[in-house]
Amino acid sequence: MSAITTSGRPGRLLTLWTPEDKSFWEREGEAVAKLNLWISVPALFLAFAIWQVWSVVAVSLPGLGFKYSTNQLFWLAAAPALSGATLRIFYSFMVPLVGGRRWTAISTASLLIPAIGIGFAVQDNTTAYPTMLILALLCGLGGGNFSSSMANISFFFPKERKGSALGVNAGLGNLGVSVVQFLSPLVVTAGIFGVFGGDAQTIVKNGQNVQVWTQNAAFIWVPWIAITALAAWFGMNDIADAKASFAAQAAIFRRKHNWLMCVLYLGTFGSFIGYAAGFPLLIKSQFPGVNPLAYAWLGPLVGAVVRPFGGWLADKLGGARVTLWNFIVMAVAVMGVTVFLPAGGHEGQFAGFFVCFLVLFLTTGIGNGSTFRMIPVIFLTEAMRGVDRNDPAAVASANKEGNTLGAATLGFTAAMAAYGGFFIPKSYGSSIALTGAPNAALWCFAAFYAVCIVVTWWYYARKNAEMPC
């Protein structure tokens with residue numbers, strides 16, 4: 001019997017999906033899973049681009065004549081992180097409720113709202129601040145997508161391939177952070193949309209009047225969002241066995257490993273998105289002679305590109321082992337940053353500072369991949385304990401429970417970790433305000449990584465650990 005049957009839309013509903021069955025996987029499962037993955041990747045890329053577009057737009061507003069205070073600009077940059085993290089909590093549970101194909105298409109199409117809204121709003125410097133704040137909050141729609149995207153892809157792949165698949169989905173999706181920071185300053189320099197893109201604005205740069213099209217930073221994503229939403233609707237699949245009520249998924253809140261993995265993923269993805277959001281500001285505040293836009297995008301690029309490698313490495317060596325050593329390197333690297341900061345009249349050393357941060361971004365990417373490999377393995381292992389392997393019905397039921405709880409935990413941990421996008425830059429600001437330097441914040445980060453090392457070793461990595469993975 002084919003795994004794909006008709007259900008309203010021919011070929012879109014998978015009524016039989018058993019990726020752990022090797023013959024099924026080789027015969028038809030792998031091709032279907034890869035198709036869904038390669039549509040999911042650009043959808044997630046665009047979600048990250050919209051989520052982070054304010055990191056570029058906000059710094060441009062004063063030059064365009066917007067009369068917003070420094071604090072108001074800070075909240076415009078921070079609002080997407082707060083709304084995105086909060087939306088992830090709800091998005092975590094949407095795939096089993098709505099279906100992965102439907103939700104990917106709907107959530108991707110929703111990105112058109114902030115993209116179009118920002119494009120029009122920045123063309124009028126009398127736009128009220130509350131309007132801008134609402135548009136910034138709506139960019140959180142992009143942040144929310146990560147949880148549902150990762151939960152959806154986790155259903156398609158067998159246990160030994162989940163780390164690699166989730167790493168590819170998240171890693172290439174995370175590239176949206178770097179690309180939006182790199183591409184936006186380029187596309188605003190020309191009227192690439194002609195009469196459809198609106199009029200240019202005039203700014204003063206190096207003492208000369210220069211024309212820019214700031215709206216392009218948002219409009220550039222509109223056609224790609226529309227194309228990708230259609231591709232998701234017509235090209236992806238829903239899995240019948242992935243259907244589950246909220247009550248069934250809410251069982252994760254009673255599971256200890258859900259909360260432990262929230263801590264570990266906060267240490268990896270929370271660090272990635274927080275460092276990405278705060279890196280330009282930290283460079284500008286500590287090394288005034290350095291142009292932060294020339295360097296800031298490189299960190300998120302490194303973290304995103306290496307994430308699939310982290311998932312692959314975890315598949316080969318074990319998620320817990322990779323995560324443990326990764327946190328050790330993160331603790332050393334963040335302490336290394338403090339060595340190269342300005343202090344006591346010393347100007348600091350930017351090269352050493354930058355290299356240490358690149359190591360940090362590298363480890364956030366590897367850790368993102370390894371922790372997300374751990375989660376589905378933990379819940380599948382837990383569900384299978386005590387199950388008679390010779391009872392096909394019991395095995396199928398356990399697999400469904402493990403996949404459902406694993407997917408919900410993937411989404412929920414991503415929601416909790418996304419708050420790092422707000423708290424890390426805010427920690428820098430608070431540390432500088434209280435002590436004159438960001439060192440106190442960095443030492444707090446190192447202490448948190450030490451906690452992550454202990455948790456990983458005790459529960460997952462040591463000999464006779466409670467849940468080896």
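How close do the axes of α1 and helix α9 (residues 159–187) come, and at roughly what angle do they cross?

## Basis of the model

This is a predicted model, in which local features need pLDDT of at least 70 and side-chain atom pairs count only at pLDDT 80 or more, while totals for chains, interfaces and linings use all residues. Residues are numbered from 1 along each chain as its sequence is written, and side-chain values use heavy atoms, with hydrogens and water left out.

## Helices α1 and α9

The axes of α1 and α9 come within 7 Å and cross at roughly 20 degrees. Axes are lines fitted to C-alpha atoms, for helices over the stretch in contact, and angles run from 0 to 180 degrees between N-to-C directions. Helices themselves are DSSP runs (H or I, at least four residues), numbered from the N terminus. The angle makes α1 roughly parallel to α9, given that angles under 35 degrees count as roughly parallel, over 145 as roughly antiparallel, 65 to 115 as roughly perpendicular and the rest as oblique.

The crossing of α1 and α9 is right-handed; a crossing has this hand if the near helix is turned clockwise from the far one by less than a right angle, and is left-handed if anticlockwise. Their contact (heavy atoms within 4.5 Å) comprises 16 nonpolar, six polar and five charged residues. In this classification Ala, Val, Leu, Ile, Met, Phe, Trp, Tyr, Cys and Pro are nonpolar, Asp, Glu, Lys and Arg are charged, and the others, Gly among them, are polar. Within α9, S184 is buried, with a relative accessible area of 2%. Here buried means under 20% relative accessible area, exposed over 50% and partly exposed in between (1.4 Å probe, protein chains only). Not counting residues up to four places away in sequence, S184 touches V56, V179 and A217.

## Nonpolar cores

A nonpolar core is a set of buried Ala, Val, Leu, Ile, Met, Phe, Trp, Tyr and Cys residues joined through side-chain atoms within 4.5 Å. The largest one has 133 residues, and W54, L61, M132, Y275, F353, F357 and Y460 have the most contacts inside it. Helix α1 (residues 22–52) supplies the largest share of this core, 14 residues. Another core, of five residues, lies apart from it and includes A383, M384, V387 and A398.

Residue F357 touches Y275, F279, L282, V337 and Y428, leaving aside residues up to four places away in sequence. A383 belongs to helix α16 (residues 350–384) and counts as buried at 13% relative accessibility. With the same exclusion of residues up to four places away, A383 touches A398, E401 and G402. The C-alpha atoms of A383 and E401 are 6.6 Å apart, although the two residues are 18 apart in sequence.

## Packing around α19

Helix α15 (residues 319–339) and α19 have axes that come within 9 Å and cross at roughly 165 degrees; the two helices are therefore roughly antiparallel. The crossing is left-handed. Residues in this contact include F327, V334 and V337 of α15, together with W443, Y449 and Y460 of α19. By class, the contact has 19 nonpolar, four polar and no charged residues.

Helix α13 (residues 256–286) packs with helix α19 (residues 439–461) at an angle of about 145 degrees, with the axes 11 Å apart. The crossing of α13 and α19 is left-handed. Among the residues that make this contact are L260, L264 and Y275 of α13 and F448, Y449 and Y460 of α19. The classes are 13 nonpolar, four polar and one charged.

## Buried helices

Helix α5 (residues 100–109) is largely enclosed by the rest of the structure, since seven of its 10 residues are buried. These are G100, R101, W103, T104, A105, S107 and T108.

In helix α6 (residues 112–121), the buried residues are P114, A115, I118, G119 and A121. They pack against α1, α2 (54–60), α7 (129–138), α8 (140–156), α10 (216–219) and α11 (222–235).

Y419 lies in the loop between α17 (392–418) and α18 (420–435). Its C-alpha atom is separated by 6.7 Å from that of G270, 149 residues away along the chain. Beyond its neighbours within four places in sequence, Y419 is in contact with L82, A85, T86 and I89.

Most residues other than glycine have a negative phi. N464 has a positive phi of about 60 degrees although it is not a glycine. N464 is found in the segment after α19 and counts as exposed at 66% relative accessibility.
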